[in-house]
Amino acid sequence: MTNYQMANRSARSSLHLNFGHLRFGHFILLCALCASARDSSAGPLTPPPGPVAPTPGPEPRTAINATNTPGDADSLFRITQPGSYYLESNITGVVGKHGVEIAASGVTLDLNGFDLAGVPAMGAFDGVSATASNLTNIAVVNGSVRSWGGDGVDLGSSATTNCRVADLLARANAGNGISTSDSGMVSNCSARFNSGTGIFTGNGCTVWNCSAFQNTGHGIFTPNGCTVSNCSTSSNTVSGISTNSGSTVSNCSASSNGGSGISTGNGSTVADCTARTNTLDGIVCTSACVIRGNTCSANGSGAGDGASIHATGTDNRIEGNNCSTADRGIDVDTAGNIIIRNTCAGNTTDWDIVANNIYGPIIDRRVPASAAVTGFAAVTTLGSTDPNANFSY
């Protein structure tokens, strides 16, 4: 190797060594900067347990208060624009004013779990009232209305249509507990001790999963073309459930009401319901109805003159019901009905059917004189093989 080559190698080695020291120095400086940044961070690097919650945004609804919804001469608060509104606190009524007045369509009012309470001698004013004529698409949900001089919630007096009342408790109001007009829905509500009807609707409404107890009027009243299902009514002064033509009542209970348990108009269906200890009839219908699969017992308890099932008109189909311990089991006043597959027991008179009706054989099995059964088979004691037979037992 020449002297030139040796000198060149020595220079390169020295340059590499210097650069190596430079890179190592930069690395040390970078680590120091990272440590400093870590120590000055806003929080720990390890996240808290549980799912990551979104950052709350601004409340999209409008609060009910004197600034946003100022009242007028007959209301504490008044809604005049469509939108979603909510209560911030309980409301106590004053004499001569509604609690919340709704004067616009397209309103949802969330009571937010709060209580609207009336005061004595306040006059016929409502907890929540739709006052302008022919409003539509209003919902009132989630709270309590009690002791108002009018209705608890009134969405019916001014023909407000297509409305919803849900998850509401209405108690001790001087009018109806809850009132709607046509094509409304009332669900998951309770109405008790109201001086009018517990739940009162217009035509074409649905009442679902509600209870009505000790109201001075009907428990639930609906006119034409309505559906009442999964409801309980008890101890109301008039009927438990009263509907008009073209309605359906299903899976409901009506007990100890001052009138009939369930009363319905022409072309209606009452199915899979229970009616017990009502003062008049358990179920009463007019014409062209289907009364099917119901359990009726001990009706006519107050007047001593009630039927488990009472058909006052013609063209009814009374099928598969069990009727017991009333003055009359099945009472049919008019010709032209069909009565099949029913059972009656313990009534003063099981069957009271006028002439010119159609019915399956009525078999008296009150004293069956049958042997005891132990094992896996036995002969029939029905006394008939007719699939449409009716039985006294």
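## The nonpolar core

The largest nonpolar core of this predicted model has 60 residues, and those with the most contacts inside it are Leu116, Ile138 and Ile330. A nonpolar core here is a set of buried Ala, Val, Leu, Ile, Met, Phe, Trp, Tyr and Cys residues joined through side-chain atoms within 4.5 Å, where buried means under 20% relative accessible area, exposed means over 50%, and partly exposed lies in between (1.4 Å probe, protein chains only). In soluble globular proteins, nonpolar side chains tend to be buried together.

When residues up to four places away in sequence are not counted, Leu116 touches, among others, Leu87, Ile91, Val100, Trp148 and Arg146, a contact being heavy atoms within 4.5 Å.

Because the model is predicted, local features need pLDDT of at least 70 and side-chain atom pairs count only at pLDDT 80 or more, while totals for chains, interfaces and linings use all residues. Residues are numbered from 1 along each chain as its sequence is written, and side-chain values use heavy atoms, with hydrogens and water left out.

## A buried asparagine in a loop

Asn194 lies in the loop between β15 (190-192) and β16 (199-200); strands such as these are DSSP runs (E, at least two residues), numbered from the N terminus. Asn194 counts as buried because its relative accessibility is 0%.

The side chain of Asn194 makes a polar contact with that of Asn173 at 3.0 Å. Such a contact is a pair of N or O atoms within 3.5 Å; within protein, one must be able to donate a hydrogen and the other to accept it, and residues adjacent in sequence count only if both atoms are side-chain atoms. Leaving aside neighbours within four places in sequence, Asn194 is also in contact with residues including Ala170, Gly175, Gln214 and Thr216.

## Two loop residues with positive phi

Ser235, in the loop between β21 (232-234) and β22 (241-243), has a phi near 60°, a positive value in a residue other than glycine. Ser235 counts as partly exposed because its relative accessibility is 26%.

Thr277 is placed in the loop between β27 (274-276) and β28 (283-285), and its phi, near 50°, is likewise positive in a residue other than glycine. At 23% relative accessibility, Thr277 counts as partly exposed.

## Aromatic pairs

A search of the whole structure finds 2 aromatic pairs, which are rings of Phe, Tyr and Trp (its six-membered ring) with centres within 6.5 Å; planes under 30 degrees apart count as stacked, over 60 as edge-to-face and the rest as tilted. Phe200 and Phe221 form a stacked pair, 5.1 Å centre to centre with 25° between the planes.

Conventions:
Helix = DSSP H or I, 4+ residues; strand = E, 2+ residues; numbered from the N terminus.
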